[in-house]
Number of protein chains: 2
Amino acid sequence: MTAMQQAYNVYEDRCPTRLVLDRLADKWALLILDRLEGEPVRFNHIRRDIKGISQKVLAQTLRKLERNGLISRTIFPTVPVTVEYALTPLGRTLTDTVSALAHWAEKNMDAIFAAQRAYDETHPV
Amino acid sequence: MTAMQQAYNVYEDRCPTRLVLDRLADKWALLILDRLEGEPVRFNHIRRDIKGISQKVLAQTLRKLERNGLISRTIFPTVPVTVEYALTPLGRTLTDTVSALAHWAEKNMDAIFAAQRAYDETHPV
DNA sequence: CGGTATCCCAGGCGATACTG
DNA sequence: CAGTATCGCCTGGGATACCG
């Protein structure tokens with residue numbers, strides 16, 4: 001029995017794994033965590049690197065990750081203001097797993113896209 | 001530079017990791033994949049185990065996972081009909097990572113909830 | 001620069017009903 | 001049993017404007 005299976009056999013609201021997944025199982029959060037490996041990064045730098053994310057959603061996701069203790073937010077009183085985001089020690093313990101997910105995606109994307117084509121051909125509209 | 005970072009520096013629509021994450025970074029999908037470790041499982045069995053998922057969303061998510069080649073769907077012509085879901089070989093290559101995520105969540109939930117309380121106290125409404 | 005505030009709309013989801 | 005169909009809400013996210 002896996003850790004998750006222990007968890008979701010418990011009452012819904014009391015399942016900690018579910019509560020944690022609710023907060024992390026989102027593509028922008030994973031992309032941002034991965035982006036923060038290495039040096040601290042500023043808001044607009046992340047925005048540029050992770051193409052397609054809106055300012056609003058980036059801010060929301062950063063706030064969520066900060067609230068969950070995974071990233072830190074440091075303000076430098078320059079003019080205009082500078083803000084740097086970095087992984088916390090807790091966040092750093094998660095990046096191995098996140099990277100593993102990313103590598104799996106890279107490695108298996110061909111199989112996935114092939115499966116999609118096969119599925120779409122055999123399942124008519 | 002990690003696998004993901006190589007990826008999102010590419011043009012948005014051409015980033016395969018992003019396309020894969022779009023399909024997998026969702027809590028129900030992860031919970032279902034984890035649930036399918038071990039023996040094949042039937043629709044209503046999953047529905048009972050993963051409390052809180054609606055019939056509609058379970059069906060949608062199963063369809064998505066099947067389309068992406070991660071799970072198989074086998075129909076037995078009993079009366080009434082029986083349908084079993086199981087991991088494919090491709091899906092099986094993903095479960096180690098999914099389990100790692102689940103274990104991380106179990107192990108660090110206390111730190112996460114503590115971080116949330118601390119954040120909420122220092123960030124007034 | 002690094003955000004909030006406001007408006008607005010598509011679509012995601014739950015609830016309910018129906019079916020092979 | 002294992003779904004699909006339909007409806008109606010409601011919120012998540014884009015667009016835009018503004019601010020310390």
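This is a predicted model: local features need pLDDT of at least 70, side-chain atom pairs count only at pLDDT 80 or more; totals for chains, interfaces and linings use all residues.
**Ground rules.** I kept in mind that local features need pLDDT of at least 70 and side-chain atom pairs pLDDT 80 or more, while totals for chains, interfaces and linings use all residues. Residues are numbered from 1 along each chain as its sequence is written, chains are lettered from A in the order in which they are written, and side-chain values use heavy atoms, without hydrogens and water.

**Strands of chain B.** In E3(B), 5 of the 6 residues are buried, so the strand is largely enclosed by the rest of the structure. Buried here means under 20% relative accessible area with a 1.4 Å probe, protein chains only.

Next I looked up the partners of E3(B), counting two strands as paired if DSSP finds at least two bridges between them. Strand E2 (residues 71–76) pairs with E3(B) in the antiparallel sense over 6 bridges, and Phe76(B) stands opposite Thr82(B). A hairpin of 5 residues links E2(B) to E3(B). Strand E1 (residues 41–42) is also antiparallel to E3(B), over 2 bridges, with Val41(B) bridged to Tyr85(B).

**Helix H3 of chain B.** I found 8 of the 9 residues of H3(B) buried, so this helix too is largely enclosed by the rest of the structure. Among the buried ones are Trp28(B), Leu31(B), Asp34(B) and Arg35(B).

**Where chain B meets chain A.** My contact search (heavy atoms within 4.5 Å) gave 60 residues of chain B against 60 of chain A. The two chains bury about 5,500 Å² between them, 66% of it on carbon and sulfur atoms; this is the accessible area (1.4 Å probe) lost on being put together, summed over both.

I then checked salt bridges, meaning a side-chain nitrogen of Lys or Arg within 4 Å of a carboxyl oxygen of Asp or Glu. There are 4 between chain B and chain A. One that I looked up joins Lys27(A) to Asp22(B), with the closest N and O atoms 2.6 Å apart.

Which elements give two or more residues to the chain B side? They are helices H1 (3–8), H2 (16–24), H3 (27–35), H5 (55–67) and H6 (89–122). The largest share, 22 residues, comes from H6(B).

How values were computed
Buried means under 20% relative accessible area, exposed over 50%, partly exposed in between (1.4 Å probe, protein chains only). Helices (H or I, at least four residues) and strands (E, at least two) are DSSP runs, numbered from the N terminus.
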